[in-house]
Amino acid sequence: QADSVQVIIIRPQDAAILAMASIEASPSALISKIPNISDVFEPGSIFKPLVMASALDSGSISTDFICGKCNQPRVIGKYTINNWDENFHPDSTLRDIIKNSDNIGMSYIIEKMGQKTFLDYFHRLKLDQKTGVELSGESISPLKKYWSEIDLATASFGQGFAVNQLQMIQAFNTLANQGILTAVHLNQDSNLQNYQVFSKEVVLKMNEILKYAVENSPVSNLKPKELEVCAKSGTAQVAVGGEYTQSDTIGSYIGFSPCTNPKYTMIVTINNPKTSSWGSSTAAPIWFEIAQNLEFLL
């Protein structure tokens, strides 16, 4: 019960695309695009692990970071940052911030990093450029030139900029591939571009955080006991005419399995789900259903 859904699965070590699919509730008669690469969306909270990894890798925060101001909303000018469930989590650790998907905590983390460092990692993760995949019709969204304080804060939880689905999984795969970004591709003979974005130590820490979040959040009920998963859900409002709508959302779930030497990295994105607004209850069930079948194939 959604407008559309897109899924991509890649092999973490060389970023080869293993599968890519899209389905629309009301498909047009003439298919002229591949939504996984032609449609852009605001990623929402699936972006949080990349911001946290960037802050750790740059030395902007340490692994023992505590959010001392997470006991209340954060006010920036005329704007108020709140959490998705309007609950507060005083003295949150990094594990708490990801587990609770804490917008307030993330806004303080990106503030520590600053705009220049954030945009540097954004560029390193190739989120401001096409992936170069061997398909036609890839779209990207131009990055804004002026960043206000609230723009930077909302970027920490994946709002205020847009990426395509393939860009997002390529960037997130660095956490599955020892901090190395490898260009996603279909042609096995491609001359692959790869370089280190995050240190191996940062990746180990982030994977421990992601595994903890999966096992201590509501999605743990979806995970079979034998399946080890490092992943994050996300929900983003949809901007129409420069303003966010109150009803339309995009729900996502992204991650890899197992956490050590993963066999696959996968992203599921659902556009405007009707049964629930949240990625954890719309995209995550699909992710885990596919994951159980992948265990028999890979």
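Modeller: By class, 15 nonpolar, 26 polar and seven charged residues make up the lining of the largest pocket. Here Ala, Val, Leu, Ile, Met, Phe, Trp, Tyr, Cys and Pro count as nonpolar, Asp, Glu, Lys and Arg as charged, and the others, Gly among them, as polar. This is a predicted model, in which local features need pLDDT of at least 70 and side-chain atom pairs count only at pLDDT 80 or more, while totals for chains, interfaces and linings use all residues. Residues are numbered from 1 along each chain as its sequence is written, and side-chain values use heavy atoms, with hydrogens and water left out.

Biologist: How much space lies in the largest pocket?

Modeller: About 1200 Å³. A pocket is an open set of points on a 1 Å grid over the protein atoms alone, with protein on both sides within 12 Å along at least five of seven lines, and lining residues have an atom within 4 Å of a point. The volume is the space filled by probe spheres set on the points, which are joined across faces, edges and corners.

Biologist: Which residues are the closest to its centre?

Modeller: Of the 48 lining residues, those are Trp84, Asn103, Gln159, Thr235 and Trp278. Elements that each supply at least two lining residues include strand S9 (230–240), strand S10 (243–257) and helix H9 (279–297). Helices (H or I, at least four residues) and strands (E, at least two) are DSSP runs, numbered from the N terminus.

Biologist: And what volume has the second largest pocket?

Modeller: About 310 Å³. Its lining has 15 residues, and Gln178, Asn207, Cys259, Thr260 and Asn261 lie nearest its centre.

Biologist: What lines the largest cavity?

Modeller: Its lining includes Phe47, Leu50, Phe118 and Tyr121, and by class it has eight nonpolar, one polar and no charged residues. The volume is about 40 Å³. A cavity is a set of points where a 1.4 Å probe fits but cannot get out.

Biologist: Turning to helices, at what angle do H2 and H8 pack?

Modeller: Helix H2 (residues 48–57) and helix H8 (residues 200–215) pack at about 145°, with axes 10 Å apart. Axes are lines fitted to C-alpha atoms, for helices over the stretch in contact, and angles run from 0 to 180 degrees between N-to-C directions.

Biologist: Which residues of H2 meet H8?

Modeller: Pro49, Met52, Ala53, Leu56 and Asp57 in H2 meet Val202, Lys205, Met206, Ile209 and Leu210 in H8, where contact means heavy atoms within 4.5 Å. The contact of H2 with H8 has eight nonpolar, no polar and two charged residues.
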